[in-house]
Amino acid sequence: MHAATADAALQQIRADVNRRKIFDKIFVMVGLLIMFSALLVLVVLFIDLVQEGAPRLNWDFLTSFPSRKAERAGILSAWVGTSLIMLTTAAVSMPVGVAAAIYLEEYAPKNWVTAIIEINVTNLAGVPSIIYGLLALGLFVYQFNLGQSIAAAGLTLSLLILPIVIVATREALRAVPRAIREAAYALGATRWEVTAHHVLPYSTGGILTGMIIGLSRAIGETAPLITIGALSFIAFLPESPFKGEFPFFSFAWLREAFTAMPIQMFNWVSRPDPAFQVNAAAAGAILLGMTLLMNGVAIYVRYRFRKRINW
Amino acid sequence: MQSGITAQDSPVRPGVATQGVDGRLSTPRPSVEVGKRTTKDDEALAIKSRAEGLSFYYGDVKALKSLNIEIREKRVTALIGPSGCGKTTFLRCFNRMHDLTPGTRYEGRIMLYPDSLDLVGRGVDAIEVRMRIGMVFQKPNPFPKSIFENVAYGLKVRGVRSNARIEEQVEQALRRAAIWDEVKDRLESSGLSLSGGQQQRLCIARALATNPEILLFDEPTSALDPIATARIEELIDELRDQVTVIIVTHNMQQAARVSDYTAFMYLGELIEFDSTSKLFTNPSQKATEDYITGRYG
């Protein structure tokens, strides 16, 4: 008799739990559906680009300058330009962005000035990129007299991704537990020592991830580069940053004219000759590949750094 | 800033501030052995630190109300009281941990002897204070660095550059924290790879490495199991005679086991301060008695 009632109660509990768990299953299914549709779009896009650009996806394409003849045109000056611009962007936005984030997170007093700065940093992330282009045209190109150079392009894109770098870095710094900071302070460390010896090293993974995500946003930017006057037909390479003799590197390339991957693509897409569309697709596939590669590096970096540190 | 007050004219001295003793011996007492060693000689012990009219504010909230207490050198002083009574707040005044929180304010003084330094004085740098007073936290918080680097960090901050000296002091600190035998073969592995109890002893070693004059413990065993707790208590017992210890605990048995002096706090006030044996067996205040007999708290 008792066993029977107990059994009935158990059945009822199970039925109840199963009924409520239905929502878990529904949510998982909806989530997967949405995620896969987004992924599918990306995959289809990539495959489409590769298919269309297939005839031009070869070594010659990477090592040739642009040309009036579609079948001889390549992206050498474009990918070299993009790489150098990315180098400049990273070299500028990393120290500036990380320093700004450290100041805001570790040093800034909590008052209205800081609040205004914080709100503005967030707002800057939403400013259309062409506005940055206009700013850079006036400021870097004319005011600082940098001209239509790689330096101007790098600085422009640095401005563009600074908010991303700052926000990501602040998140990473904030993830370091208060207990760790207190431990260091209690040993007599100064604010700078706590930051340099502890907070910064423990958040490197997050900072690098934010940096790379910022760069992969910058790599595809076209509008601001066109605004500052990127050329779309460049049949020469900037001076190499590496040299055979002392001091083994040179910064002459910073002052040279440039083109970049998205600009080259834009140029080809706007041509009437359908042969150039093939080139555009091939360049698109390579640009997308570069972006995915950078994101892959970001994920790897995060994985490597997180593995050492788990709170 | 520093007046002519000497260690003799104390505001509250153990064994002195016991008004209203009526000797109610019938109250149930904790069944543990209480009060490690408070002998007559202790009256002659040097005063390491003394709070004089210490008040503390979080914004407009007055968290500590004019505390007066004497900390004897090379003795263990326990701070007990119900949650929210201000015992941790008080402890964190000694190494100016509150300076990290904006909007906090100290009033009164905490004198550190023998050089009569006011720890909460305006002209006194918090870093300077923390160089002399170590702290062990509630939750073990080793740095995600190697065991060696954890212990060596305080020395590095102090500018010790000689590797031989750092190695020597790290070993000494790990021995004093009774963890040397467990970690001597794995000094390069992460401090986070240790168990909770080991991590806490590593944190004690880290604090000891710089030879602090006072070591603050903020509920050091509340995140640990009974066996690890026993080891930490043993360790605190061994540290007696080497360093002045102030320990916050919500566990009255722990206070009774490890301390020589106990302060009972309630709602930001110091209700009673006496030798541990006296406070636990013959408290002078009704509130103290109610608390230690478990009638509230």
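The model is predicted: local features need pLDDT of at least 70, side-chain atom pairs count only at pLDDT 80 or more, and totals for chains, interfaces and linings use all residues. Residues are numbered from 1 along each chain as its sequence is written, while chains are lettered from A and ligands numbered from 1 in the order in which they are written.

Select residues 47-58 of chain B, which form strand 1. Strands (E, at least two residues) and helices (H or I, at least four) are DSSP runs, numbered from the N terminus; two strands pair if DSSP finds at least two bridges between them. Strand 1 of chain B runs antiparallel to strand 2 (residues 61-72) of chain B, joined by eight bridges. Within this pair, B:I47 is bridged to B:R72. Next, select B:G59 in the hairpin, where the phi is positive, near 60°.

Turn to chain A and colour domain 1 (1-56) and domain 2 (58-308), whose bounds come from an automatic or database domain assignment. Their centres, taken over C-alpha atoms, are 37 Å apart.

Finally, select A:A283. Leaving aside neighbours within four places in sequence, its contacts (C-beta atoms, placed from the backbone, within 7 Å) are A:I75, A:A78, A:M261, A:Q264, A:M265 and A:W268.

Conventions
Two residues are in contact if their C-beta atoms, placed from the backbone, lie within 7 Å.
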